[in-house]
Amino acid sequence: MLNTSTKTPTGGFSFENTRRNAVLEANLLEKGYSAPNARKTGTTIAGLIFKDGVILGADTRATDDMVVADKNCMKIHYIAPKIYCCGAGVAADAEVTTQMMSSNVELHSLSTGRPPLVAMVTRQLKQMLFRYQGHIGSSLIVGGVDVNGAQLYSVYPHGSYDKLPFLTMGSGAASAISVFEDRYKPNMEVEEAKQLVRDAITAGIFCDLGSGSNVDLCVITEKTVDYLRGYDQPVQKGLREGTYRYKPGTTAVLTKTVTPLTLDVVDESVQVMDTE
Amino acid sequence: MNTRGLRSQLKDSVPVTGLCPQAGPYGVQDSLRRGFSSVKNELLPSHPLELSEKNFQLNQDKMNFNTLRNIQGLHAPLKLQMEYRAARQIQRLPFLPSSNLALDTLRGADDTIGFEDILNDPIQSEMMGDPHIMTEYKLGVL
């Protein structure tokens, strides 16, 4: 199909359909229906700085309004070998944002010839999110170890950020931060810190409807990165107590008629598939 | 939402020709090529981000050139803008997608990835402009 405009096409966001969508939504609203919503991750994500590095934790539930869309999604995304990012908010926005960040960080560190800094990731994220004025609905916790030590930042959808020793974001943030406020101490050991993050995420899983399923942890130190998927599964599916199937013979058979169908082979043709 | 309001955005930036009435060669709405006109469609943007995204690159450049002028003097932005103009002229035929490699390198966009590289890549667009119309428009014959 040919386009009769004389403008050269550009990339990026296209606002062509916004008016049409607004009209469609208004029409649906008149009839009493509502337009579908973007799938959110309705999350609890948390981060903590301990003696040797950073621990990031997240739950694994993705919700579509009131229905669980994904019972085991990955919310801790890779950005650089020693930098990981947890994403909350609209699932697609968080996913695409972190993937773009990962590519940009790789290109930047190839260009400078140095390993990336966590502050650089945060700066690029906040500049991009501010440019889109909060329409990209992703809140992120960026944590990692670089030449300046272990750092933890949280970035909000409108572009503001915080640098703190412990952070939580998402719908279960209030439950998780209460656990942190109670038991956080600076310079904790790794096992104690892992237990604390696990407890905070579990508090979010139990007290918030938007979070659930398992706890994922990511322990980043200067030497190693441990991505512990499914570190804890506080919510197990219940076991059925007995079998509820009907025994064969429960329904009595009254009559039985057998009609054999005789089929003859009329025509046989072979079609060879192009498998190369 | 930007608290400076829509009017200041319209006033300070380079005029957005996409939103103005699509005047044809005689200064009136060209119904054959651009369809029916609607006051609402032409005066107001359909999305809060539409104007700011259209003008984003221009505003960035303006800001950077102003800073450069304040630091190094007038010659610096003049020389750079001359290079930009030269690079902007390196294009394929009007209806074919151009890579704009020289322009991207000058801007520093050759080692960053943004939404303009991922979404709506013109190279992968399903629609193509009519070659005759686009060439005529480029040559000023239309």
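**Terms and conventions.** A residue is buried at under 20% relative accessible area, exposed at over 50% and partly exposed in between (1.4 Å probe, protein chains only). The model is predicted: local features need pLDDT of at least 70 and side-chain atom pairs pLDDT 80 or more, while totals for chains, interfaces and linings use all residues. Residues are numbered from 1 along each chain as its sequence is written, chains are lettered from A and ligands numbered from 1 in the order in which they are written, and side-chain values use heavy atoms, without hydrogens or water.

View 1. A:T43 is found in the loop of chain A between helix α1 (18–31) and strand β2 (45–49); helices (H or I, at least four residues) and strands (E, at least two) are DSSP runs numbered from the N terminus. The relative accessible area of A:T43 is 1%, so this residue is buried. Contacts (heavy atoms within 4.5 Å) join A:T43 to residues beyond four places away in sequence, including A:D59, A:K75, A:G87 and A:A88. Further along the chain, the residues touching A:T43 include A:M169, A:G170, A:S171 and A:G172, as well as A:D208, A:G210 and A:S211.

**View 2. A:K75 and its partners.** A:K75 occupies the loop that joins β5 (67–70) to β6 (76–80) in chain A. With a relative accessible area of 1%, A:K75 is buried. A polar contact of 3.3 Å links the side chain of A:K75 to the side chain of A:T43. Such a contact is a pair of N or O atoms within 3.5 Å; within protein, one must be able to donate a hydrogen and the other to accept it, and residues adjacent in sequence count only if both atoms are side-chain atoms. The side chain of A:K75 also reaches the backbone oxygen of A:R61, at 2.6 Å. A:M273 lies 198 residues from A:K75 along the chain, and the C-alpha atoms of these two residues are separated by 42 Å.

**View 3. Helix α4 of chain A and the elements that cover it.** This helix comprises residues 173–183 and contains A:S175. The relative accessible area of A:S175 is 16%, so A:S175 counts as buried. Beyond its neighbours within four places in sequence, A:S175 is in contact with A:A203, A:G204 and A:C207. The buried residues in α4(A) include A:A173, A:A176, A:V179 and A:F180. Among the elements covering the buried residues of α4(A) are β2, β11 (166–169) and α5 (190–207) of chain A.

View 4. In the predicted model, the segment is 0% helix and 0% strand.

View 5. Nine helices and one strand make up the secondary structure of chain B. Along the sequence, these elements follow the pattern α-α-α-α-α-α-α-α-β-α. Of the 142 residues in chain B, 21% are buried. Among contacts in this chain with a separation of 6 or more, 44% are between residues 24 or more positions apart. On the α5(B) side, the residues meeting α6(B) are B:D61, B:F65, B:L68, B:R69 and B:Q72. On the α6(B) side, B:H75, B:A76, B:P77, B:L80, B:Q81 and B:Y84 take part.

View 6. Leaving out residues up to four places away in sequence, B:S98 touches B:Q91 and B:R92. The side chains of B:S98 and B:Q91 make a polar contact at 3.2 Å. A polar atom of the B:S98 side chain also lies 3.4 Å from the backbone nitrogen of B:R92. B:N100 belongs to the loop between α6 and α7 as well. Although B:N100 is not a glycine, its phi is positive, near 55°. B:N100 is partly exposed, with a relative accessible area of 27%.

**View 7. B:N120, a residue with positive phi.** B:N120 lies in the loop of chain B between helix α8 (115–118) and strand β1 (128–129). Phi of B:N120 is positive, about 55°, although this residue is not a glycine. The relative accessible area of B:N120 is 45%, so B:N120 is partly exposed.
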